[in-house]
Every structure is written in structure tokens, then in C-alpha cells.
Amino acid sequence: MAVFVALGAFVMTLFGGWTAQRVTDRRHLVLGLAGGLMLGVVGLDLLPEALEAAGEEVFGVPQALLLFVGGFLVAHMVERLLAARQIAHGAAEERVPQVGLTAAGAMVSHSLMDGIAIGAAFQVGDAMGITVALAVITHDFADGFNTYTIASLYGNTRAKAMVMLFADALAPVVGAASTLLFTLPLELLGSYLGFFGGALLYLAAAEILPEAHHTHPAGPTLLCTTAGVGFIWLVTGIAE
């Protein structure tokens with residue numbers, strides 16, 4: 001049952017990536033929307049779930065928040081190291097394809113955890129499983145949209161971006177199937193969500209949104225960013 005339901009996430013992720021491809025003539029608006037979707041996913045979905053699952057304090061700070069900051073810093077360090085490596089080999093600093101693939105790979109990992117969450121919820125009961133699955137499926141449009149956008153933003157070919165998109169779509173199905181073999185501790189899931197949320201916020205704030213406003217009027221792009229956040233808020237409210 002969990003694997004069958006996860007196929008909905010597969011379809012929705014591909015649809016999100018397809019949408020990102022079709023609007024390349026309005027790239028700044030796509031990036032603004034992607035930044036808003038990522039901000040909404042982090043602030044309204046990932047971080048609350050992480051705090052609920054791994055809210056135990058470590059030296060006065062919730063564990064999930066420590067990992068959130070850690071994820072932000074790790075994403076920053078990885079990007080700087082890859083950029084420095086490109087410069088050392090005579091390449092331009094601005095677009096580092098490995099950063100895009102690494103970020104898209106993180107999205108795939110997140111989708112894998114989404115699938116595991118679906119399977120784990122079905123271990124509790126069918127009603128819980130359906131609730132979690134609906135939440136995952138509704139935000140997987142944003143996952144597919146962001147995976148394709150991030151990969152292509154950093155100069156990767158369309159073929160590579162499509163490979164990452166397909167991997168992101170397949171990941172929830174694989175994750176759901178894997179729960180037939182084990183039970184995932186809730187605290188571990190929450191810790192992962194906190195760390196991933198920090199990395200995703202860095203990409204949105206330091207890379208995608210600045211690029212969206214680089215050479216275009218700010219007004220329409222800001223509207224797209226706000227719409228992205230509002231969409232995730234709506235989805236989160238419906239899922240709850």
C-alpha cells in the first residue's frame with residue numbers, strides 16, 4: 001500500500017520538473033518562484049517537522065536547530081570549496097556545475113526520506129499513512145520544480161538535470177519500499193530534516209534569489225517568490 005501511494009509522489013515530482021522546463025523564457029520568474037517554494041518548504045514544512053521529531057535540547061538549543069545551522073554552514077563551505085577548485089583550474093567562479101548536482105542530490109535524499117516517512121506512517125496505521133502521503137505528494141511538485149531548476153541553474157546540461165529529476169521522482173517509491181525491511185527512529189528523521197532544511201535555505205537565500213534579481217525588475221520576481229511561499233503555506237494547511 002505504501003509503495004502504491006508513493007507512485008503519486010513520483011508523478012507529481014515529474015510534473016514539477018516538466019513545469020520548470022516549459023518556462024525557460026521567463027527564467028528570472030522561475031527562479032523567484034523556486035526561491036519562494038524553497039523558503040516555504042524550509043520554514044513551514046521541514047523545520048516544524050524537525051523540531052517536533054528532534055526537539056530535545058543540546059546545551060540549551062533544540063537539536064533540530066543545531067543541525068539546521070550546521071546544514072546551512074556545510075552548504076556554504078561545500079560551495080566555497082568547489083568554487084575555489086574551479087578558480088584554481090582557471091574556470092569562472094559564478095557557475096559551478098558540481099554545486100548544482102550536489103544540491104539536486106540533496107533533494108533526491110530528501111525525497112528518499114519522504115518515501116521512508118510514508119512507509120513508516122503506514123507502519124503505524126492506514127489513516128496515518130494516507131495523511132502523510134497526501135502531505136508528501138502535495139509538496140513534491142515543488143521538489144521536482146526545484147530539483148530541475150537547481151541542477152540547470154549551475155550550468156549542467158538538460159540531460160543531467162533530467163537524470164536528477166527522474167532520480168528525485170523515483171526516490172519516494174524506493175524509500176517507501178525500503179520500510180518493508182526496517183523501522184526508522186523518529187528522532188533520526190527529525191535530525192535529518194533539520195540539517196537538510198539549513199542547506200536548502202542557504203541555496204535559496206545565497207544563490208537562487210540573488211540570481212533571480214540579477215538583471216531583471218524586482219517587482220514581478222518578488223511576487224513570484226511570495227506566491228511560492230503562499231503556495232507551500234496553503235499546501236501545509238490543507239495537509240494538516
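In which helix is L47 found? The legends below answer this and go on to other close-up views. The model is predicted, so local features need pLDDT of at least 70 and side-chain atom pairs count only at pLDDT 80 or more, while totals for chains, interfaces and linings use all residues. Residues are numbered from 1 along each chain as its sequence is written, and side-chain values use heavy atoms, with hydrogens and water left out.

View 1. L47 is found in helix 2, which spans residues 27–53; helices (H or I, at least four residues) and strands (E, at least two) are DSSP runs, numbered from the N terminus. L47 counts as buried because its relative accessibility is 17%, where buried means under 20% relative accessible area, exposed over 50% and partly exposed in between (1.4 Å probe, protein chains only). Leaving aside residues up to four places away in sequence, L47 touches V42, L65 and F68, a contact being heavy atoms within 4.5 Å. The C-alpha atoms of L47 and G198 are separated by 8.7 Å, although these residues are 151 apart along the chain.

View 2. T149 belongs to helix 5 (residues 126–153) and is buried, with a relative accessible area of 5%. A polar atom of the T149 side chain lies 2.7 Å from the backbone oxygen of F145. When residues up to four places away in sequence are not counted, T149 touches A20, V30, L31 and A34.

**View 3. Helix 1 and its buried residues.** Helix 1 (residues 2–22) has 21 residues and reaches 31 Å from its first C-alpha to its last, close to the 30 Å expected at 1.5 Å a residue; the expected span is 1.5 Å times one less than the number of residues. The buried residues of helix 1 include V5, A9, F10, T13 and A20.

View 4. About 270 Å³ of space lies in the second largest pocket, a volume being the space filled by probe spheres set on grid points that are joined across faces, edges and corners. A pocket is an open set of points on a 1 Å grid over the protein atoms alone, where a 1.4 Å probe fits, with protein on both sides within 12 Å along at least five of seven lines, and lining residues have an atom within 4 Å of a point. Of the 16 lining residues, A75, T102, A103, A106 and A199 are the closest to the centre. Helix 7 gives the most to this lining, with 6 residues.

Definitions and conventions:
A polar contact is a pair of N or O atoms within 3.5 Å; within protein, one must be able to donate a hydrogen and the other to accept it, and residues adjacent in sequence count only if both atoms are side-chain atoms.
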